[in-house]
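Here are a few notes to keep beside you as you look through this model for the first time.

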Amino acid sequence: MSQPITSSTPMHLGGKSVSYRQLQVFVQLAQSGSFAEAADRLHLSQPALSIAIKKFEDLIGGKLLSRTTRAVHLTQEGRNFLPVAQRLLRDWDEAFTDLHNLFAMQRGKLTVAAMPSFANSLLPAVLSQFHQHHSSINIAILDVVMERVVEAVLDERAELGIIFEARQMEGLNFLPLFDDTFLVIMAPQHQLASRLHLSWEELQQQNYVAMNRGSSIRDWCDQSLHHAGVDVTLVAEASQLSTVGQLVASGMGLSVVPGICRQEMQGRGLRCVPLRVVQGKPVGVITRSRGSLSVPAARLLEQLQQSDWQTLLQS
């Protein structure tokens, strides 16, 4: 405790407001056993130190120290209280060290929610780069369907969420990152597998594997098929794009999936044919409209906004 600390923020002990400085004065006197030495270490005059300890004893209602002309000794109450005072000072120092570390990005935890199509493809490269610069930040990933990403951010279980732009964004901010195109996926032996591009109209009467009803991708595909006047033969539905890919790989039919799934679908041996669309769907980051982000979340958001998504999408 040799470093001077000028904090006078009170601690409440048994209804009494005791300051950090008062505890520090008591501990330093107890450890040094001398007013002169304690005053020197605390950068106080001896009269000021004497007044400080007297006020502390008056506040708590009893003597902690007995004084002679040459030395300072602890009373029985003082001996009992010394380890308590030392622990309180350590706890105080550790609390502010932890807070400083959070702001300095030296320690902390960050939870990110992301739809599986993004979590399985682009997110690992982004987080790897983030980890290189902030290795002490523990990152938790919630890879859940888009609707659960929204819930996680609104419920404050995640600070950042990554989704396709949705119609209902109440209570959220949406920060676009890039527009994603869509792919028609099929087994290599499918009759359309040799095509370089496909339109919705060319899917007429094809056996079709879809996402479950209620998902954003399903809603968008259903609307696009209806607008194009196309009828497909629905043969299966699934709640995860990975399952959709497995069903397509088994030869049940074809499907339409986000472009960010290309690497995963090609890894399943599927043919991925670009779908002609007027405009892609924006992928972006959602945050709560109210409240501020932690320092780690703000740093990751900045990195997401500055990333070269075209390069990442092509890698």
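1. A word on burial comes first: a residue is called buried under 20% relative accessible area, exposed over 50%, and partly exposed in between, using a 1.4 Å probe and protein chains only. At 18% relative accessibility, F81 therefore counts as buried.

2. Please bear in mind that this is a predicted model, in which local features need pLDDT of at least 70 and side-chain atom pairs count only at pLDDT 80 or more, while totals for chains, interfaces and linings use all residues. Residues are numbered from 1 along each chain as its sequence is written, and side-chain values use heavy atoms, leaving out hydrogens and water.

3. Let's begin with helix α1, residues 20-32. Helices here are DSSP runs of H or I with at least four residues, strands are runs of E with at least two, and both are numbered from the N terminus. The 13 residues of α1 reach 18 Å from first C-alpha to last, close to the 18 Å expected at 1.5 Å a residue; the expected span is 1.5 Å times one less than the number of residues. Of these 13 residues, 12 are buried, including Y20, F26 and S32. After the helix comes G33, with a positive phi near 70 degrees.

4. Which aromatic residues pair up around F81? Its partners include F26 and F56. Rings of Phe, Tyr and Trp (its six-membered ring) pair if their centres lie within 6.5 Å; planes under 30 degrees apart are stacked, over 60 edge-to-face, and the rest tilted. F26 and F81 form a tilted pair, 5.5 Å centre to centre with 40 degrees between the planes. Because F26 lies in α1 and F81 in helix α4 (residues 76-103), the pair ties together parts 55 residues apart in sequence. F26 is buried, at 0% relative accessible area. The rings of F56 and F81 have centres 6.4 Å apart and planes at 50 degrees, so this pair is tilted. F56 belongs to helix α3 (residues 46-60), and the two residues are 25 apart.

5. Next, look at the open sheet of five strands, ordered β6-β5-β7-β14-β8 with mixed pairing. Two strands pair if DSSP finds at least two bridges between them.

6. Another open sheet has three strands in the order β12-β9-β13, with antiparallel pairing. Its edge strands are β12 (255-258) and β13 (271-274). β9 (residues 182-186) and β13 pair over four bridges, and L183 stands opposite P274 in β13.

7. Finally, the interior. A nonpolar core is a set of buried Ala, Val, Leu, Ile, Met, Phe, Trp, Tyr and Cys residues joined through side-chain atoms within 4.5 Å. The largest core has 70 residues, of which F118, I162, W200, V256, I286 and L300 touch the most other members. Apart from it lies another core, of 25 residues, among them V27, L65, L89 and W92. Ring pairs also link W200 with F164, F182 and W220 into a cluster.
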